[in-house]
Amino acid sequence: MAVGYFYQDEEERMWERSQKLATVDDVADLAGVSKSTAARVLGGYGSSSMSTRAAVHAAAATLGYRPNASAKTINTGRSESIGVISRNIGNPGFGIALDGIMSVTSGAGVSVIVAGSEFDIDLERSAVELLLRKRVDALIVSPAHGDVGEHLQAAHSAGVPILLWERRVKGLEVPVIESDMAGAGRILGQHLLNLGHKRVGFVSTFPYGRQYELGDDTGSSVINDRLQAIFGTFAEAGLPPSTDLIRFASRSAAGIHDAVIDLIEQEDPPTVLIASDGQIGLETLTALRARGLSIPQDMSLVLFEDAPWAKLVDPPLTVVSQPTHEMGRVAAEVALASVGAEKPLRRIPPFAAQLVIRDSVGPAADRAI
């Protein structure tokens with residue numbers, strides 16, 4: 001029987017290699033070096049001659065070699081990734097913050113892994129555990145609740161740098177990326193007082209299970225700051241703060257709608273409604289229009305978020321604005337600088353927040369709705 005021999009030329013072998021993910025073995029074979037030498041060059045550790053490094057990098061480029069992220073993490077102790085946990089991924093403000101974060105990480109070659117908690121502590125614990133298993137180099141967390149933070153403390157104690165977004169957690173001494181909501185709230189409270197408002201409604205979707213009284217700790221530092229500042233301004237002026245008009249609604253559209261309707265149907269209803277974020281603002285606006293109420297003639301409206309649509313509706317909405325994109329950028333810069341740092345992360349002063357006055361707030365209506 002005749003024996004045939006098949007000689008595969010180099011071009012054909014290269015084509016076959018290109019059809020699968022190249023390995024360190026492939027790179028070593030093409031460069032004519034050992035696997036351990038190729039691994040050192042590709043991993044950026046150890047020493048090799050200039051000619052060897054050039055050969056290995058040329059082979060890697062030819063083969064389209066992509067380093068194994070897991071192996072690199074084992075070798076260097078870093079994954080070149082940070083984790084971001086948001087309590088409300090659906091909020092448009094989160095997208096702006098994430099864009100700020102990624103404006104820094106993308107240029108640094110660092111990936112961002114995003115997880116959500118939906119204000120649920122158990123989901124937040126699971127998200128932290130997942131990101132730690134992926135060996136993220138740092139965490140930026142928007143906490144679900146300020147009173148529950150043992151899982152964050154454990155990660156921090158294990159050496160993972162943590163930054164908190166907008167909400168402080170009791171007992172956790174880490175930097176907080178936040179704006180001066182107390183200062184902005186006082187300015188808003190005084191503005192409403194100047195316009196004759198005495199009955200102020202406030203709608204949040206933070207899960208606080210009882211009626212708020214001035215000075216209460218809701219479990220959310222940013223909500224605490226806003227409520228204390230706004231309603232405290234009325235108390236300081238000698239007027240009874242209308243804390244009976246504060247509602248903590250479920251996060252659904254129906255829940256927010258019901259909370260707004262409940263407020264405007266009170267025997268002594270508010271003359272101004274304050275929405276705690278953009279989602280609440282949209283649902284509040286929808287509910288008021290469905291009832292045929294004019295803004296601000298029948299009801300004034302304020303939004304605690306400068307959502308892009310807020311200045312486009314008729315009338316444009318008065319908002320409390322914070323530099324969300326800049327806050328995201330600084331959060332990423334501090335997180336990256338913290339990786340491997342020997343000293344604790346620096347405290348970050350609160351960012352300025354401002355009241356942007358538009359046409360949705362007018363003098364208090366002189367009649368019940």
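Q: Which elements are included in what covers the buried residues of helix 13?
A: This is a predicted model, in which local features need pLDDT of at least 70, side-chain atom pairs count only at pLDDT 80 or more, and totals for chains, interfaces and linings use all residues. Residues are numbered from 1 along each chain as its sequence is written, and side-chain values use heavy atoms, with hydrogens and water left out. Helices (DSSP runs of H or I, at least four residues) and strands (DSSP runs of E, at least two) are numbered from the N terminus, while contact means heavy atoms within 4.5 Å. The cover over the buried residues of helix 13 includes helix 6, strand 3, strand 4 and strand 5.

Q: Which residues of helix 13 are buried?
A: A residue is buried at under 20% relative accessible area, exposed at over 50%, and partly exposed in between (1.4 Å probe, protein chains only). In helix 13, the buried residues are Thr324, Met327, Gly328, Val330, Ala331, Ala332, Val334, Ala335 and Ser338.

Q: How many Å apart are the end C-alpha atoms of helix 13?
A: The expected span of a helix is 1.5 Å times one less than its number of residues. Helix 13 (residues 324–338) has 15 residues and should therefore span 21 Å. The model agrees with this, since the end C-alpha atoms are apart by 21 Å.

Q: Which residue just after helix 13 takes a positive phi?
A: The backbone just after helix 13 has a phi of about 80°. The residue with this positive phi is glycine 340.

Q: Is serine 142 buried or exposed?
A: Serine 142 sits in the loop between strand 3 (138–141) and helix 8 (150–157). Apart from neighbours within four places in sequence, serine 142 contacts Ile85, Ser86, Arg87, Glu124 and Trp165. Because its relative accessibility is 4%, serine 142 counts as buried.

Q: How many salt bridges does the count come to?
A: Side chains of opposite charge can pair when their charged atoms come close. A salt bridge here is a side-chain nitrogen of Lys or Arg within 4 Å of a carboxyl oxygen of Asp or Glu. By this rule the count of salt bridges comes to 16.

Q: How many residues apart in sequence are the parts tied together by arginine 87 and glutamate 166?
A: The side chains of arginine 87 and glutamate 166 form a salt bridge at 2.8 Å, N to O. Arginine 87 is in the loop between strand 1 (81–86) and helix 6 (92–105), and glutamate 166 is in the loop between strand 4 (162–165) and strand 5 (176–177), so the parts they tie together are apart in sequence by 79 residues.

Q: What is the relative accessible area of arginine 199?
A: Arginine 199 meets aspartate 244 in a salt bridge (3.0 Å, N to O). Aspartate 244 is partly exposed, with a relative accessible area of 34%. Arginine 199 is buried, with a relative accessible area of 18%.

Q: Where does arginine 247 lie?
A: The side chains of aspartate 262 and arginine 247 meet in a salt bridge (2.7 Å, N to O). The pair ties together parts 15 residues apart in sequence, because aspartate 262 lies in helix 11 (residues 253–264) and arginine 247 in strand 7.

Q: What percentage of the residues of the chain count as buried?
A: The chain has 13 helices and 11 strands. Of its 369 residues, the share that count as buried is 50%.
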